[in-house]
Each structure stands twice: as C-alpha cells, then as structure tokens.
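Here are my notes after a pass through this one. Have the structure open while you read, and tell me where you see things otherwise.

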There are 2 protein chains.
Amino acid sequence: MATIEDVAKLTGLSRTTISRVINNHPYVSEEKRKLVLEAMEKLGYVPNSSARSLRNQKTSILALFIPRITNPFFSELVEATEIAAAEHGYQLIICQTRYSPEKELNYMNLLKTKQVDGVILASIQNEWKKLKPFLQYGPIVLCNEFDDCANVPTVRLDQVYGGYIATKHLLERGHTKIAYCSGGYRSNVAQSREIGFKKALAEYKLTFDERYAFRDVFHIADGKRVFHQMMALSERPTAVFTGSDEVAAGIISEALRCGYRIPEDLAVVGFDNQAITELTNPTITTVHQPVKQMAQKAVDIIVEKIQTKKYEVKEIYEFPLQLIVRASTVGSELHESEA
Amino acid sequence: MATIEDVAKLTGLSRTTISRVINNHPYVSEEKRKLVLEAMEKLGYVPNSSARSLRNQKTSILALFIPRITNPFFSELVEATEIAAAEHGYQLIICQTRYSPEKELNYMNLLKTKQVDGVILASIQNEWKKLKPFLQYGPIVLCNEFDDCANVPTVRLDQVYGGYIATKHLLERGHTKIAYCSGGYRSNVAQSREIGFKKALAEYKLTFDERYAFRDVFHIADGKRVFHQMMALSERPTAVFTGSDEVAAGIISEALRCGYRIPEDLAVVGFDNQAITELTNPTITTVHQPVKQMAQKAVDIIVEKIQTKKYEVKEIYEFPLQLIVRASTVGSELHESEA
DNA sequence: TATGAATATGAAAACGATTTCATTCGTTTC
DNA sequence: GAAACGAATGAAATCGTTTTCATATTCATA
C-alpha cells in the first residue's frame, strides 16, 4: 500500500534518497539512512516487485519445464532446482508440459513477455528450431535433455554410460538374453541409454534383439504388463534392463506374485535409485543419477547467462552416473559395490 | 524488444489504440485493428508483463506453499494446482518451506511485495497470528491445512473421518491392539486423524495406549524402524494405523523380510492411496484423498477472492476421504470394498 | 585562498503498459 | 437545421521504481 513516495513525504526527503537506502547505494548520510529505515518500518513499506521488474528489466523468476511433476525423478529435480534458485534470489515457476508441444510453446511465452528471466528445459517437446526464436528474449538452458542442434548451455547426465554400466553388470553375471525396457521413444535420454545398452552387448559379441525390446514403459502397471509379455516369449530373457525403478518394481512385484524368483529366474536392474528400490524384496539394483548436482549446475549457469546476456553458447556439462548393486541382480550373495 | 510505442509508430496510430486492440476493447475500426495486428506480427511485439502488472496491479501468479515436493502427496497437489491455475490463466510459484517457520515467513513477502496475487498454504509452519498481517496485501487460502484462528477460506479433507474409517476397519476385523503411527506432531492433519482414531477406539470401548503411539514417522526407513520397535513391545499390536503409504510399505517390507506374515501377524493400513500400495505384496489397504478436487477448489476460491478483494472470510470446504480395502488388512480372503 | 575532489541530496526522465478525458467526426432525431 | 448521440481516435496522466544529471556542501591540497 505504502509507496516510496509516502516514505519520501514522511521523511521530507526525495524518492532518490529512499531508493538509495533500499538498494544500499553510497552517499547517504547515516542520519538520513536511519530516518528512512524508521519511516519504512513505520509505514510497513516494501518495494513493489512489478515496478522494480519494469525498471530493472528483470523479474528474478525462472521457469522450469517438466513433463509432469508426479514422476519422482522430476519431483527431485524440482526440489533441487527450487532450492538452488532460492539461493540465487530467484523464484521458480513450474511449467508442466504434460508431453504436449503446444503447451510447451505456450509456456515459452513467459520468456517472450518477460515474465521470467530464463527458462530451464528439463523436457523438450518441440524441435529445436521451434524453440530457438525465443532465445532472443532470454537464456534457455537444457537440463537432463539435449539436442544436437541446440546452441545453448546443456547440463546433462551421461546416459550412454548409464545404459552401459547397467547392462555390463548383467553381462558380467553371465546373462546373454537381456530384455530392454524404456520410457518415451522420442526422448533423447532413452535413446542414449539404448546406445549404451547396445555398446555393452557389442562388447560381448551380442546383438540387440528387437523381440526383447519394450518401449513406452513408464509405470508400475506397465512393468507388470511387460513381465507377462516377456514370460510369453518362446525364449525367455533371464535378465531385464529397465528405464525406471518403478518399472523394475512392477516387474519384480508381478514376478514374485506369480511364483518366480528374483534374481534366479529373472535379474532386474532399475534406474533412478529411488526410495522404492529399498522397499521391494529383493531390493533393486539401479543407477544413481546425481540430480541435485545437475539442478544446481543448471541454475548456476542460467543465472550467469542472465547476467552476461550471452545466450547462444554451446557448452556441455556432463555428470557421471553410478551403478548401485542390490539384490535384484545378485540375490543373497555377498555383493560388492561397483563404481 | 518491441514496445507498444514501436507498434504505434509503425501504424501511425496512438498507443491507446494499440492497447485497445491488445485488450479487445470496443471502438476500434476493423481497418485499424487489422493494421495493428499486422504490425504486431511484423515486429514480433508482445506486451511486457512487468509493465502490465504494474499498471493493472496484478501479476497473474499464485504462490503455493508446501513443505517439500518430493513427498508424493504434495507432488500430486502441486500437479493438480498447477493445472487448475493454468486454467484460470495463472502461473504457479513453488515455495518449499522445508518445515522452517523462517522460510515460510520469508516466502510470505512475495505477497507483500506484490510478486504474487495470492498464496495457497498447503503447509503452515507459523502460528496464524504471525501470518495474519500479510492478509492486508492479498488473499491467503488454506489447503489441506487448517487453523481454528484463521479467518480465511479453508479447503480441506475430513481427516478425522479418515482416521476413523481406517481404524474402524481394523476394529471390525477383530483387532484390539492397534498401533498408531503419524507424521508431524504439530500438523493439524495428524492431530485430526488421531482424533478419528480415538473416536473409533472409543466406540469399541478401547482407550488410546501411548505405548502404541509412534510420532514423527514419515518415510519408508521410519516404517522399517518402527516395525522393530513394535515387535519389541511386550504386548505386540496385531494391527497398525499409519499416516502414509510409505510408512506402511516400510513396515510391510521389513515384516516380510523378517519372516512375519501380513496381515496374519500384523494388519497394516496406509494413507494416501499412492502407487506403491499396488506394488507391495500384499497390496496396501489405504485411505484415498481427493487431492485433485481439493486443489481445484483452492484455486477457484483464491481466484474469486482476488477478484472480489474480500480476503477475511472464514469459509470451509470439506471433501470426504474414502477407504480402499486391499490385502494388507484382509489377506487373500475375498474382500468387499467399503465406502 | 582558490581549486578540485569527494560527499550528499533532489528533479525529472525513464521503464512499458492502461485509462481517463477530450476531441473529432458522422448519424440520427425532432 | 440544430441538438444529441455514438463511434473512433489521441494526449497525457498514471502505476512505483531506478537512474541520470545537476546542484550544493564539505574538505583537503597547493
């Protein structure tokens, strides 16, 4: 309610001086500073954000694009991003694209209308050439997603390596018939993991068998369904690589219910290292993703880009994944952890 | 980059007319309207949000306060709230208080500085009297939380009833030694459920036994720990009421690992009806909370309050909970669902 | 003691929209 | 044919800050 003008009137000073006090600028006498501070307190004055944004051409708000927040991986990403943003004095607006290119494009207008200072894309639903024009309005940083065409900073995890170590682990344990489950087809993340999966197979002179491949497998229920599909194959796989712990948990749950033994009848490896991996019995071998570090880096980068105003720079920051060996692949044997 | 002034210059019209076109005001000739639209297109013009916010005294942003987003209950709440907000043309800023009163108070300044038009509190860490002063700057709506002192709209679930039906279900199945696990002590939600728990006991002439009570039990790991505490009691409970599915899952997981049978040795009821309830074996009897409806209502209400500018009104909207009976309380018997 | 630098302050112009109030036309109405 | 009205348009004020520029004062230096 109270404006800077009210404070000026009450103190008998000009708006300029009040502003100097607010922003800790030099050249204000200690006497006046105290006077101003008291008046602000008395009036309950606080600067109006919109006016500041307009004048300073910055909102101190970031937008984070995700498909949907109920996916635990993205919950964790949002949590970490919000904390990192707060550390830099930024608020975080959540944009759930729900896998819709139109919604994504629509949310992009937040950048165009200057409602946010920058966009972190943890989900891409459009081709880069559709997104690129927005770059003239502010920085865009890719986080956990990437696009070869995109000439912007990219913070990502080494998903090829993730697919590789998980698969290699299964191969080392003697499996040769390994099924493959992944989430979104179009997602770069899934594609990278598949490359790593194939790379590991190739090292063992094995080839990718499309009959063992299951795509668009996301949830617990999908895992349960896929389990039955796998068991219906003439040559049943003895191990399965999955793109998420939920799918792994679904497979394990259904397998146990049907009287199969894990890992003796089927070894299962998940992805994400979420809480459920410690819940199932056996616990789930999985791949840990350093989400917090990635989020922190993405925020650091975008804040820097906002300051320097250089948006079109292709920089890649990659974080390693880590295999966490648990019981779903090695049973009750003593198992050593692998890096 | 382009401003309304640029459009005015290009078309040879005044800013006023451009503004009329933007806001679909009457009294603009079709000829000029087209001219303006073309110019806007050509310049890539889009109105600046900060300028609009300043002039219109509204930001079209809501703040949602939650303790932390990785709690699946809150993930779901955020998802639903974001969708509902978008329907009304509002963006959503996420404020994770992480159970800290200071953080909460700090985020409240978003309202004071007019960075948001309203606040939805799905978590309260301060006494109402500390929060109340902010009411002069904009509406506050309580969602899933409540405070008897708070004279603001409150959207909530009937947690007393939730505690009651879950407990009654156990009582009906013959249990008399029922342990009680809850999350945050201070939380009104936990307190209400406890009232319902006690009410059900009372109907069966039973009294609450503090030795069977476990507080501050939140996660899977807490459930595992509590299981051992329960089993260490001289008179072991035969059933347990929990405040969350994760805790229930932790208890079940640990019980099975230690060779106990569920529900024969211990019947378990969870809360929230989350995905893991279908994952464990046995599946988990739980209480479904209509989160989407609640979130939708909270947004509808706050949008209305923003418009009417009447913030201090005590209105209560309550949604019912629903018991979902699964195997963790009735085993493999055929089980009928209860309302 | 005159000169220049450093300190302290304010007036007014931005920032980019919307809105109030005039003003200018045509039309209609009596 | 004058009065009244509605449609179309624009000038200027406004929203609440920050910043530029100018001015006044103090203080040290030659």
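1. Start with Asn23(B): an N or O atom in its side chain sits 3.0 Å from a phosphate oxygen of DNA strand C. Keep in mind that this is a predicted model.

2. Backbone atoms reach phosphate oxygens of DNA strand C too. A polar backbone atom of Asn48(B) is 2.7 Å from one, and for Ser14(A) a backbone N or O atom comes to 2.9 Å.

3. What else lies around DNA strand C? There are 29 surrounding residues, with Thr17(A), Arg55(A), Ile4(B), Ser19(B) and Asn48(B) the closest. By class, the protein surface here has 13 polar, nine nonpolar and seven charged residues.

4. Both chains bring helices to that surface: H2 (15–22) and H4 (49–56) of chain A, and H2 (15–22) and H4 (49–56) of chain B, each supply at least two residues.

5. Now to the domains of chain A. The assignment gives domain 1 (4–47), domain 2 (59–157 + 291–319) and domain 3 (159–288 + 323–330). Six residues of domain 2 and seven of domain 3 form the contact between those two.

6. Domains 2 and 3 of chain A bury about 780 Å² between them, 43% of it on carbon and sulfur atoms. On the domain 2 side, Pro72(A), Phe146(A) and Leu157(A) lose the most area, together 47% of what that side buries.

7. How many salt bridges cross the interface of domain 2 and domain 3 of chain A? Zero, by the rule used; the count of residue pairs in polar contact is three.

Conventions. Residues are numbered from 1 along each chain as its sequence is written. Chains are lettered from A and ligands numbered from 1 in the order in which they are written. This is a predicted model: local features need pLDDT of at least 70, side-chain atom pairs count only at pLDDT 80 or more; totals for chains, interfaces and linings use all residues. Side-chain values use heavy atoms; hydrogens and water are left out. A residue is near a molecule or strand if one of its heavy atoms lies within 4 Å of it. A polar contact is a pair of N or O atoms within 3.5 Å; within protein, one must be able to donate a hydrogen and the other to accept it, and residues adjacent in sequence count only if both atoms are side-chain atoms. Helices (H or I, at least four residues) and strands (E, at least two) are DSSP runs, numbered from the N terminus. Ala, Val, Leu, Ile, Met, Phe, Trp, Tyr, Cys and Pro count as nonpolar, Asp, Glu, Lys and Arg as charged, and the others, Gly among them, as polar. Domain bounds come from an automatic or database domain assignment. Contact means heavy atoms within 4.5 Å. Buried area is the accessible area (1.4 Å probe) that two parts lose on being put together, summed over both. A salt bridge is a side-chain nitrogen of Lys or Arg within 4 Å of a carboxyl oxygen of Asp or Glu.
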